[in-house]
Each structure stands twice: as C-alpha cells, then as structure tokens.
Amino acid sequence: MIRSSLLIAAASVALSGGLAGCALLASPDPVQLYRFGGASAYAGTGATSACPDVHVSMRRVDFPEAARGDRILAVTGAEAAYIKGARWVSPAETLFEEALRNAFADGGTCTVLSGGPLTRDGLLLSVDVRRFEAAYAAPGAVPDANIVVLLRLIRPGDRTIVAEDRISVSESAGENRQSAIVAAFDRATAEASRQIVLWTDQQGFRATRD
C-alpha cells in the first residue's frame, strides 16, 4: 500500500513537472514592436514655385521578398538573418509607402500625387526598393541602415520611360542596439523620401516641357 502511494505521488510530480515544462516551452519570446517614417522628410525640393502642377500616380511600392513583412532584416557579408526580438508594427513596405506619401504631401512643389486614375497628361511613378536592411561590416559591428531604390517615371499612354534613376541612402546606427538601428532606418527613410520627391519634381517638370 505504501509502495502504491509512492508510485502515485511520483507519477503526479512527473505529470505536473511535464505540464510545467510544456507551459514554459509554449511561452513566446518577448518581441518589441517598432515603427519608422516619423522623421520629417521635407527639407525643400529646390523646385521653382512657378512650375506647373505635374499629376503623378504612384504604383504600390515594391520591396525585396526578404525585407517584406514585419521582420527586420540584417545582413553581414553573404549571410542574412532577422533581428531577434524586434518587429515592425506594420509591414515594412506599408510603413515606407506611408512615409513617402507624407513626404509628397509636405514637400512636393510641382508634383500632385494621386492614388486614383491617371489623368491624360499624368505620369506614373514606379518605386522599386531593392535593399532595405541593417548592414554589418562584421558580426557585432555597428550597422548601417541601407536603402537602395530604383525609380522610373513612365508616360502611361505609350509606356515610355521618361526618366529612371537609382538612389542609395546609408545611415549609421551609431551603436549596435535595436532602438539605435530603428532610429537609423527612420533617418534613412526620411532622406530617401526627400530624394524621391525632389527627383520626381525635377523629372516631372522636365517632362511637361518636352
């Protein structure tokens, strides 16, 4: 009888320990959510106030597959990984497009950005983000937030490419911490957006004079 009681007690302890272990394994690692795009991009486009309105529709911003979604991509040489314990509050491509649209609203001197149908004399802006990553020169080094964007301005009627260019922006995080890396992405996004607005204003203005 005593032996049976001991066996039952041991089984109870083992079962409760197993359940506790399962509960611990099921607990997700804490994740800190971040956003970017809050920094002001407008620093003057340099276009003249007399330039005519250029109506531009922007395609949905395209992102490389590895940088899409809410994970923060980090690259060291040929190796790529996602920063543990950190996520964007929304997909990176969504936050980038919101920041860019806000930059056009705040700083576009010539450009009237529209999400609706193209006007007869309108242009189409293609924004193809080729890189959006925290780049490390070596493991544990201070990373840079790197953004590379391919731009095309298209005349929809005949699909003529009016202008195309590539911009690259790099902002040092200053230190290898999540918050510092996010701040670097914020600054890099603001600068990339400013350059895109300036380029679209200049190229769109030239297109109206051709």
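# A tour from the hairpin to the core

Select strand 7 and strand 8: they run antiparallel and are joined by 12 bridges. The model on your screen is predicted. Strand 7 covers residues 144-155 and strand 8 covers 160-172. Together they form a hairpin, with 4 residues between them. Click R159 in the turn, where phi is positive, at about 60 degrees. Then pick V148 and look across to S168 in strand 8, which stands opposite.

**Next stop: strand 6**

Select residues 123-136, which make up strand 6. How many of the 14 residues of strand 6 are buried? The count is 12, so this strand is mostly covered. Now bring in its neighbours.

- Strand 7 pairs with strand 6 in the antiparallel sense, over 11 bridges. Show F132 and its bridge partner I147 in strand 7.
- Strand 2 pairs with strand 6 in the parallel sense, over 3 bridges. Show S57 and its bridge partner L124.
- Strand 3 also pairs with strand 6 in the parallel sense, over 3 bridges. Show V75 and its bridge partner A135.

Stay on A135, in strand 6. Is A135 buried or exposed? Its relative accessibility is 18%, and buried means under 20%, so A135 counts as buried. Leaving aside residues up to four places away in sequence, A135 touches V75, P143, D144 and N146. Draw a C-alpha to C-alpha distance from A135 to S172: it reads 9.4 Å, across 37 residues of sequence.

**Next stop: the rings**

Show the aromatic side chains. The whole structure holds 7 aromatic pairs. Zoom in on F36 and F132, whose ring centres are 5.2 Å apart; their planes meet at 40 degrees, so the pair is tilted. F36 sits in the loop between strand 1 (32-34) and strand 2 (54-58), while F132 belongs to strand 6, so the pair ties together parts that are 96 residues apart in sequence. Both F36 and F132 are buried.

**Next stop: the nonpolar core**

The largest nonpolar core has 51 residues. Colour W88, F96, L125, V127, F132, V149 and I196, the members that touch the most others. Among the elements giving two or more residues to this core are strand 2, strand 4, strand 6 and helix 2. Which element gives the most to this core? Helix 3 does, with 12 residues. Select residues 178-209 to see helix 3.

Now centre on V149. Not counting residues up to four places away in sequence, its contacts include F96, V127, D165 and I196.

**Next stop: helix 2**

Select residues 92-107 for helix 2. The 16 residues of helix 2, at 1.5 Å a residue, should span 22 Å; the end C-alpha atoms are 22 Å apart, which agrees.

**Last stop: out to the surface**

Go to E79, in strand 4 (residues 79-88). E79 has a relative accessible area of 60%, and so is exposed. From E79 to Y136 is 9.9 Å, C-alpha to C-alpha, though 57 residues separate them in sequence. Finish with R71 and Y82: R71 lies over the face of the Y82 ring, at 3.8 Å from the ring centre.

Definitions and conventions:
Residues numbered from 1 in each chain as written. Predicted model: local features only at pLDDT ≥ 70, side-chain atom pairs only at ≥ 80, totals over all residues. Heavy atoms only, no water. Buried < 20%, exposed > 50% of the residue type's maximum accessible area, 1.4 Å probe, protein only. Phe/Tyr/Trp six-rings, centres within 6.5 Å; stacked < 30°, edge-to-face > 60°. Lys NZ or Arg CZ within 6 Å of the ring centre and 35° of its normal. Core = buried A, V, L, I, M, F, W, Y, C linked by side-chain atoms within 4.5 Å. Contact = heavy atoms within 4.5 Å. Expected span 1.5 Å × (residues − 1). Pairing = 2+ DSSP bridges.
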